[in-house]
Amino acid sequence: MYPDTNSITDDNPHCVETLMEFPSDLILFLRRVERVSALTGAGVSQESGLRTFRDTQSGLWAQYRPEDLATPDAFERDPKLVWDWYAFRREAVKAVRPNLGHYSLTEMEKKFPEFTLITQNVDGLHQLAGTKNVLELHGNILRVRCAVCGRFTETWGSDLDSVPRCDECDGLLRPDVVWFGESLPRLELESAVTASRRAQVFFSIGTSGVVHPAAALALAARENGSVVIEINAEPTPLTPRADFVFHGKSGEILPALVKAVWDISIQV
């Protein structure tokens, strides 16, 4: 028998401002559920010291808007400029490590028979922390693919004067990320929607709740009877509709929650 989700949902979210306080009904519920999905956004990566997409402009790149460097048109117009910017961002990603929030989600994956981590982040930190079932809605900046034939490659030339080309078709290589004006990868999005609708518990963590279609996943989960838990530094459009709301850093709240539910201490 699955837990009755209606037993802990109401019209007003349980808003907990103190990191170590968790409602006892939530703790008991998490010990019993089997299907859990979590959506993560830039706030989770930011706690590892990684700048958000719109905060990455500094030095040479201060003269550009990120939106002007993250479109198919920009790549067609000046592929070297776009390649160099993503090379700069790629090195920034390589310089950071997962935080306690990442490792907490990895531990949570072990506790549920079905656990799906859906992320808007492109840094691969969830996988680096050990989480296995990860759906990357916006791609991964550490991967590269051909702009023509779509072939993925893990290695490319070191010539700094030109954009590397595909060994298969000689097309230009580009980062495997979703640019403005591009659709999300179909299979990942379909899997994310399915996981959200199946979830008994849906976590929304470190995301503003305004970027669609990812922002609709929590609502899809709720419409199908899921208990929605929001963890974010600030209120979002999802906050009034969430069942439990925790304001603060995910790297502090998630380890405390794992400790409260399973008596496990998360360490890096």
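This is a predicted model: local features need pLDDT of at least 70, side-chain atom pairs count only at pLDDT 80 or more; totals for chains, interfaces and linings use all residues.

Biologist: What makes a space a cavity, and how many of 30 Å³ or more are found in the whole structure?

Modeller: A cavity is a set of points, on a 1 Å grid over the protein atoms alone, where a 1.4 Å probe fits but cannot get out, whereas a pocket is an open set with protein on both sides within 12 Å along at least five of seven lines. The search of the whole structure finds one cavity of 30 Å³ or more. The residues that line the largest cavity, including Leu 39, Gln 120, Ser 204 and Leu 238, count as lining because they have an atom within 4 Å of a point. This lining divides into six nonpolar, four polar and no charged residues, where Ala, Val, Leu, Ile, Met, Phe, Trp, Tyr, Cys and Pro count as nonpolar, Asp, Glu, Lys and Arg as charged, and the others, Gly among them, as polar.

Biologist: Which residues lie nearest the centre of the second largest pocket?

Modeller: Trp 83, Ala 87, Trp 156, Gly 157 and Leu 160 do, out of 14 lining residues. The volume of this pocket is about 210 Å³, and its lining has five nonpolar, three polar and six charged residues.

Biologist: Why is helix α1 called roughly perpendicular to helix α9?

Modeller: The axes of α1 (residues 24-32) and α9 (residues 250-262) cross at roughly 75 degrees and come within 9 Å. Since angles of 65 to 115 degrees count as roughly perpendicular, under 35 as roughly parallel, over 145 as roughly antiparallel and the rest as oblique, α1 is therefore roughly perpendicular to α9. Contact, meaning heavy atoms within 4.5 Å, is made by Ile 27, Leu 30 and Arg 31 of α1 with Leu 257, Ala 260, Val 261 and Trp 262 of α9.

Biologist: What makes α5 roughly parallel to α9?

Modeller: Helix α5 (residues 100-111) packs against α9 at about 30 degrees, with the axes 7 Å apart, and that angle makes α5 roughly parallel to α9. The crossing of α5 and α9 is left-handed, a word used if the near helix is turned anticlockwise from the far one by less than a right angle, with right-handed kept for clockwise. Among the residues that meet are Leu 105 and Met 108 in α5, and Leu 254 and Val 258 in α9.

Biologist: Which hand does the crossing of α7 and α8 have?

Modeller: α7 passes α8 in a right-handed crossing, and the axes of α7 (residues 186-198) and α8 come within 7 Å at roughly 40 degrees. The residues in contact include Ala 192 and Val 193 of α7 and Leu 217 and Ala 220 of α8.

Biologist: What joins His 212 and Pro 213?

Modeller: A cis peptide bond does, with omega about 10 degrees, and Pro 213 is found in the loop between β8 (201-205) and α8 (216-223). Another loop, between β6 (152-153) and β7 (173-177), holds Asp 170, which has a positive phi of about 70 degrees although it is not a glycine.

Methods
Residues are numbered from 1 along each chain as its sequence is written. Side-chain values use heavy atoms; hydrogens and water are left out. Axes are lines fitted to C-alpha atoms, for helices over the stretch in contact, and angles run from 0 to 180 degrees between N-to-C directions. Helices (H or I, at least four residues) and strands (E, at least two) are DSSP runs, numbered from the N terminus. Grid points are joined across faces, edges and corners, and a volume is the space filled by probe spheres set on the points.
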